[in-house]
Amino acid sequence: MESMDGRPVVLRGGTVLPMDEGRQVLPRTDVLVAGDRIAAVGPDLQAPEDAVEIDASDGIVMPGMIDTHRHMWQTAMRGYGADWTLTQYFVWYYLEHGKLFRPEDVHAGNLLAALEAVDAGVTTVVDWSHGLQTVDHADAAVDALQSAPGRYVLAYGNIQQPPAAWTGTPEFRDFVRRRITGDDLLGFQLAFDVLGDPAFPERPAFEVARDLGAPVTTHAGVWGATGDDGIRLMHEHGFMTPETVYVHAASLSADSYHRIAATGGSISVSTESEQSAGQGYPPTWAIRAHGIPVSLSMDTSVWWSGDLFSAMRATLGADRSRQHLEAHARGDTVTHCSLRADQVVEWATRGGARALGRDDLGVIAAGKKADLVLIKNEASPVSFPLLNPYGHVAFQAQRGDVHTVLVNGRVVKHEHRLVGVDLAAARRAADRTIEYLRSTMGEEAWQKGMNPDIPETTILDNPYTYTDYHSASTHTAG
């Protein structure tokens with residue numbers, strides 16, 4: 001496929017999910033790509049003679065998915081924290097071992113994260129890069145992103161310093177001048193949290209963001225860390241804007257949701273994270289009533305899966321579970337689901353585009369950017385029958401079903417394989433990072449970090465005994 005770069009591409013005869021306002025389903029439809037844009041959508045399109053023809057029949061063509069919050073630098077530690085709580089995550093990265101990461105370790109994590117995202121049909125990722133202890137780390141992060149296929153937003157952060165400290169340095173300003181040049185494939189945000197201190201020490205960082213014209217993304221509504229006071233301070237000082245992305249927002253009051261809705265912000269929901277780590281109950285069930293725009297994210301591969309199929313599935317499950325739970329508490333029965341499959345597919349695509357202010361992404365229409373995904377797997381019995389395409393994407397599909405991916409009009413995955421990627425080099429870089437961390441920490445600390453203590457489980461006293469039990473069927477009439 002590398003030799004086909006620059007040629008038009010036509011995906012033939014697929015079931016197209018354009019993600020328009022009506023959430024249509026277009027059967028047996030072609031999508032023609034020319035340059036970095038979608039040229040036409042419709043049946044039996046005429047394509048240029050040199051066009052690359054991709055058979056999309058029996059498959060689903062959808063916009064590339066968009067993840068609005070992923071700590072890409074942590075990906076080399078894939079699965080290490082599978083049994084962590086949020087407290088253990090904070091201790092490991094914020095207090096103890098996160099400062100060990102060198103620029104090359106950030107590069108290794110970002111590169112691996114970029115490849116796993118594209119492989120799963122996630123064509124745009126917000127790199128919530130809060131491990132940038134120095135501008136050398138930041139340069140390494142950007143170097144990795146620009147070496148990989150995909151579209152990225154660097155959300156610059158540094159958990160080892162207060163946001164006012166690192167945003168106020170000449171080195172940071174120089175980095176922005178050098179690396180954030182308007183490249184369409186590399187956006188920019190500032191990533192920091194507002195802890196609720198009445199003195200509002202984060203104000204200088206917000207002022208830097210305003211001066212740079214950079215949106216702010218912030219972990220809001222994280223149980224025990226950020227809450228309503230942070231939202232109130234942002235609002236009272238005029239720093240809540242339509243571009244602000246509030247991550248998690250899982251333990252906020254209705255008052256905070258009202259403030260977010262009134263200022264036009266959006267919420268990035270990381271359901272796998274919230275339901276496992278303890279930020280609060282995944283909030284879609286609550287924020288839907290406030291009309292707040294939603295996007296989806298996976299948070300970090302140190303815990304969870306790096307795809308948005310899992311995010312969609314988990315979000316539907318958590319939202320519907322809460323709807324049933326609330327109804328049962330009132331003695332009611334839910335007879336119709338409020339959150340539908342097509343809605344979470346929209347959140348995974350167009351919702352992310354809206355959060356990033358990109359109306360040229362997340363939809364399939366002429367003139368829009370050609371970031372596209374073909375879901376098709378002829379070797380899988382799960383690929384048919386294809387009855388409810390939105391339900392299929394949300395509940396049936398997985399990364400192994402991603403057949404073809406285009407980013408900016410370029411084929412970056414085809415026939416289930418990444419195109420032009422040196423996966424062995426990415427593996428070697430990740431291996432070097434693990435070897436370095438493991439040897440620097442020492443084997444005992446490494447094993448302890450990966451295997452936290454298991455709390456003792458108290459078994460309740462049981463008033464029933466079974467040693468002399470006989471079922472009614474064993475008794476005979478006297």
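Me: Which residues line the largest cavity?

Reply: Asp-58, Gly-59, Ile-60, Ile-375, Lys-376, Asn-377, Val-382, Ser-383, Leu-386, His-392, Ala-397 and Asp-401 line the largest cavity. On a 1 Å grid over the protein atoms alone, a cavity is a set of points where a 1.4 Å probe fits but cannot get out, and lining residues have an atom within 4 Å of a point. This is a predicted model, in which local features need pLDDT of at least 70 and side-chain atom pairs count only at pLDDT 80 or more, while totals for chains, interfaces and linings use all residues. Residues are numbered from 1 along each chain as its sequence is written, and side-chain values use heavy atoms, with hydrogens and water left out.

Me: What volume does the largest cavity have, and how does its lining divide by class?

Reply: Its volume is about 80 Å³, where a volume is the space filled by probe spheres set on the grid points, joined across faces, edges and corners. The lining divides into five nonpolar, four polar and three charged residues. Here Ala, Val, Leu, Ile, Met, Phe, Trp, Tyr, Cys and Pro count as nonpolar, Asp, Glu, Lys and Arg as charged, and the others, Gly among them, as polar.

Me: How many cavities of 30 Å³ or more are there in the whole structure?

Reply: The search finds three. The second largest cavity holds about 50 Å³ of space, and its lining includes Asp-193, Thr-218, His-219 and Met-234. Strand S10 (216–220) and helix H7 (228–236) are the elements that give two or more residues to that lining; helices (H or I, at least four residues) and strands (E, at least two) are DSSP runs numbered from the N terminus.

Me: And the largest pocket: which residues lie nearest its centre?

Reply: Tyr-94, Ile-159, Asp-193, Leu-195 and His-219 do, out of 28 lining residues. A pocket is an open set of points with protein on both sides within 12 Å along at least five of seven lines. The volume of the largest pocket is about 480 Å³, and H1 gives the most to its lining, with four residues.

Me: Changing topic, where is Asp-105, and is it buried or exposed?

Reply: Asp-105 is in helix H2 (residues 103–119). It counts as buried because its relative accessibility is 0%, where buried means under 20% relative accessible area, exposed over 50% and partly exposed in between (1.4 Å probe, protein chains only).

Me: What does its side chain reach at 2.8 Å?

Reply: The side chain of Asp-105 reaches the backbone nitrogen of Arg-102. Leaving aside neighbours within four places in sequence, Asp-105 is in contact (heavy atoms within 4.5 Å) with Trp-73, Leu-100, Thr-433 and Tyr-436.

Me: Which residues have a positive phi although they are not glycine?

Reply: Met-19 is one of them, with a phi of about 60°, and His-416 has about 70°. Most residues other than glycine have a negative phi, and most peptide bonds are trans. Met-19 lies in the loop between strand S1 (9–16) and strand S2 (26–34) and is buried, at 0%. His-416 lies in the loop between strand S16 (410–414) and strand S17 (417–418) and is partly exposed, at 30%.

Me: Where is there a cis peptide bond?

Reply: A cis bond joins Phe-384 and Pro-385, with omega of about -5°. Pro-385 is in the loop between strand S14 (372–375) and helix H13 (389–396).

Definitions and conventions
A polar contact is a pair of N or O atoms within 3.5 Å; within protein, one must be able to donate a hydrogen and the other to accept it, and residues adjacent in sequence count only if both atoms are side-chain atoms.
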